[in-house]
Amino acid sequence: MAINRTSSHGEWSSRTAFILAATGSAVGLGNIWKFPYITGENGGGAFVLIYILCVMFIGIPIMLAEVYLGKRGRLNPIASIKYISEKENRSKNWRVIGLIGILAGILILSYYSVIAGWTMAYATRAAFGVINNIDAVGATLMFNNFVSDPERLLAWHTIFSIMTAIVVSKGVKSGLESAVIRLMPALLVLLLALVIFSAIEGDFVGGVEFMLYPDFSQVTWKTILIAMGQAFFSLSLGMGALMVYGSYLSSDISIPKTCVIVASLDTLVALLAGLAIFPIVISSGLEMTQGPGLIFQTLTVAFGAMPGGQLFGTLFFILLIFAAWTSSISLIEPMIIWMIEKYNLTRIQAATISSGLAWLLGIGTIISFNVGSEIKIFNMNIFETLDYLTSNILLPLGGIMITIYVSWLISKESINKELNIKSNILRYIWYFSARFIAPIAVIMVMLNALGFSIDGVL
Ligand code: TRP
């Protein structure tokens, strides 16, 4: 395989642009749609605490390792690892990390795009005033009616798939950078406005207590696995997305600082989303445990009651569409780069094939909410199975392999050069976390939660 190591890649114009793109990838439906509903399902405060610990002690160390691979390899995830393995005299089989990642990305995108479609439908509803003055019962009815119509879901899913395909077929610079710079700050401002509304109109004390007061009596290994999976999902970790973004990074930029900034912004957005949602869930009498519909029902009630809610609601959902859009790009980009570099396809061909595949798989998620809701795999519907398989199995698996590969098998000189951690203490902390804490924690949580109890061993 002859590869020109620069041809298919652009390069980020600055460190800021990389931070924005990585944040654009990280901040998305994971923060605003998924974080509140799985926190609601898993009991609140204790889950949030475990989630934050996972981001700090598992997420950030693995993030450094993943960006390192991309920055050094400068190719698609599979070829980068193959190239680095040759240089370091390691087995080329480690490139299976790239393959798992590409697969995980497409599987995630298939349902991500369906939910992004819901967001578009709700933006339209907000714009036409359909949600004005709606109450909790009305919002629940509206959501249930909406998801029970497979054709409507398919139409929105199709539109979002096309939107993703269009941006990725244009390449990196023109597509990604410009969108993120303008829209992220706007999303943050609207989210803050929503939190203020919640504080005034919702049961703010109840919501904050639910989110921050830890009750460990409900915590099981499965809870921890879900929190950990969410950390991977929300940081866009373990599937090669950050590897690809890292490969666009020019070589003189400090990875660690950049990663800490991205992880902090991502966590901030998730916590703000929780602060905005939970007070309203409580005050409007909605259920914490209603699952994927939680924010759609809660936000319609909130915007329906808010002065200017028609305008703010429309804007909020539109910004959420953009956040989902910048994330979906990073889900598909590893597969695209790989197809371009390996099979010599044009960007447009690669974009068409990979988005087509994700679109097709998305039909499985669509029918999980209506005609196919009875189809169960391990007691979960198709959507839940896809989500469980990717967030709780494939991403952590990719993450463990990345951290083990980088921290144990790569020469210290190369790590020091690329990671560029100036302080000795911080470098030791990273090595210790990447070599021991992150892999042991991930393996322990996965083994326990997936049913192989190791109580007797430890
Ligand atoms: N992090 C995004 C979100 O929170 C989703 C996402 C984008 C992702 N790229 C990824 C998840 C890569 C895992 C891997 O919405």
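1. In this predicted model, the largest cavity is the space taken by the ligand. Two or more residues of the shell around the ligand come from each of helix 1 (15–26), helix 2 (29–41), helix 5 (96–127), helix 10 (221–235) and helix 14 (309–343).

2. The shell around the ligand comprises 17 residues, with Ala26, Gly30, Tyr112, Phe233 and Ser330 coming nearest. By class, nine residues of this shell are nonpolar, eight are polar and none is charged.

3. An oxygen atom of the ligand lies 2.5 Å from an N or O atom in the side chain of Tyr112. A nitrogen atom of the ligand is 3.0 Å from an N or O atom in the side chain of Ser236, and a nitrogen atom of the ligand is 3.2 Å from a polar backbone atom of Ser25. Of the 360 Å² of accessible area that the ligand has on its own, the protein covers 100%.

4. The largest pocket has a volume of about 590 Å³. Its lining consists of 27 residues, and Tyr37, Ile38, Glu41, Pro292 and Glu384 lie nearest its centre. Helix 16 (382–409) is among the elements that supply at least two residues of this lining; with six residues, helix 16 gives the largest share. The lining of the largest pocket has ten nonpolar, twelve polar and five charged residues.

5. The second largest pocket, with a volume of about 390 Å³, is lined by 18 residues, of which Ile60, Leu64, Pro256, Val260 and Leu426 lie nearest its centre. Helix 3 (45–73), helix 12 (255–283) and helix 18 (424–449) each give two or more residues to the lining of this pocket. That lining divides into twelve nonpolar, four polar and two charged residues.

Methods
Residues numbered from 1 in each chain as written. Predicted model: local features only at pLDDT ≥ 70, side-chain atom pairs only at ≥ 80, totals over all residues. Heavy atoms only, no water. Near = heavy atom within 4 Å. Polar contact = N/O pair within 3.5 Å; in protein donor to acceptor, adjacent residues only side chain to side chain. Areas by Shrake-Rupley, 256 points an atom, 1.4 Å probe, with all protein chains shown as cover. 1 Å grid on protein atoms, 1.4 Å probe; cavity = no way out; pocket = protein on both sides within 12 Å on 5 of 7 lines; lining within 4 Å. Sits in = over half its atoms within 2 Å of the grid points. Helix = DSSP H or I, 4+ residues; strand = E, 2+ residues; numbered from the N terminus. Nonpolar A, V, L, I, M, F, W, Y, C, P; charged D, E, K, R; others polar. Points joined across faces, edges and corners; volume = space filled by probe spheres on them.
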